[in-house]
Amino acid sequence: MINPALERPVFDPAHATTHASIRASFMKKMYVATTRARQLVCIAMHRDRISQLDRTTLSDTRGWSFVDL
């Protein structure tokens, strides 16, 4: 069974205030913001939202830096 929280949200203009439409809009804006940056992208998130394996992979292969505050 697929977790509904992991399904790809789709923006529905007829129902713009539904949870799925709001998520879809946010994810599109996040994608645009992170792919257009030329120098620095800063993303704040709780440390439990990303695994140590993902952190290591992003650091080693993509040059990402992580700062725990």
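Biologist: Where does M30 lie?
Modeller: M30 is part of helix α1, which covers residues 19–36. Helices here are DSSP runs of H or I with at least four residues, strands are E runs of at least two, and numbering starts at the N terminus. It's a predicted model, so local features need pLDDT of at least 70 and side-chain atom pairs pLDDT 80 or more, while totals for chains, interfaces and linings use all residues. Residues count from 1 along each chain as its sequence is written, and side-chain values use heavy atoms, with hydrogens and water left out.

Biologist: Is M30 buried, partly exposed or exposed?
Modeller: Partly exposed, at 33% relative accessibility. The cut-offs are under 20% relative accessible area for buried and over 50% for exposed, with partly exposed in between (1.4 Å probe, protein chains only).

Biologist: Which nonpolar surface patch is M30 in?
Modeller: One of about 670 Å², made by M30 together with F26, M27, V41, I43, M45 and W64. To join a patch, a residue needs over 30% relative accessible area and no salt bridge; nonpolar side chains (Val, Leu, Ile, Met, Phe, Trp, Tyr) are joined within 5 Å, like charges within 9 Å. Areas are Shrake-Rupley with a 1.4 Å probe, and for residues only the protein chains shown count as cover.

Biologist: What does T34 touch, leaving out residues up to four places away in sequence?
Modeller: V41 and I43, where contact means heavy atoms within 4.5 Å. T34 is in helix α1 too, and with a relative accessible area of 30% it's partly exposed.

Biologist: OK, W64 now. Where is W64, and what does W64 touch?
Modeller: W64 sits in the segment after α2. Not counting residues up to four places away, W64 touches I43, L58 and S59. W64 is partly exposed at 42%.

Biologist: How many aromatic pairs does a search of the whole structure find?
Modeller: One. The pair is W64 with F66: ring centres 6.2 Å apart and planes at 35°, so it's tilted. The rule takes rings of Phe, Tyr and Trp (its six-membered ring) with centres within 6.5 Å; planes under 30 degrees apart are stacked, over 60 edge-to-face, the rest tilted. F66 itself is partly exposed, at 28%.

Biologist: Changing topic: how many salt bridges are there in the whole structure?
Modeller: The search turns up one. It joins D68 and R55, whose closest N and O atoms are 3.4 Å apart. The criterion is a Lys or Arg side-chain nitrogen within 4 Å of an Asp or Glu carboxyl oxygen.

Biologist: What parts does that D68–R55 pair tie together?
Modeller: R55 is in helix α2 (52–62) and D68 in the segment after it, so the pair links parts 13 residues apart in sequence.

Biologist: What about the whole protein: how many helices and strands, and what share of residues is buried?
Modeller: Two helices and zero strands. Of the 69 residues, 7% are buried.
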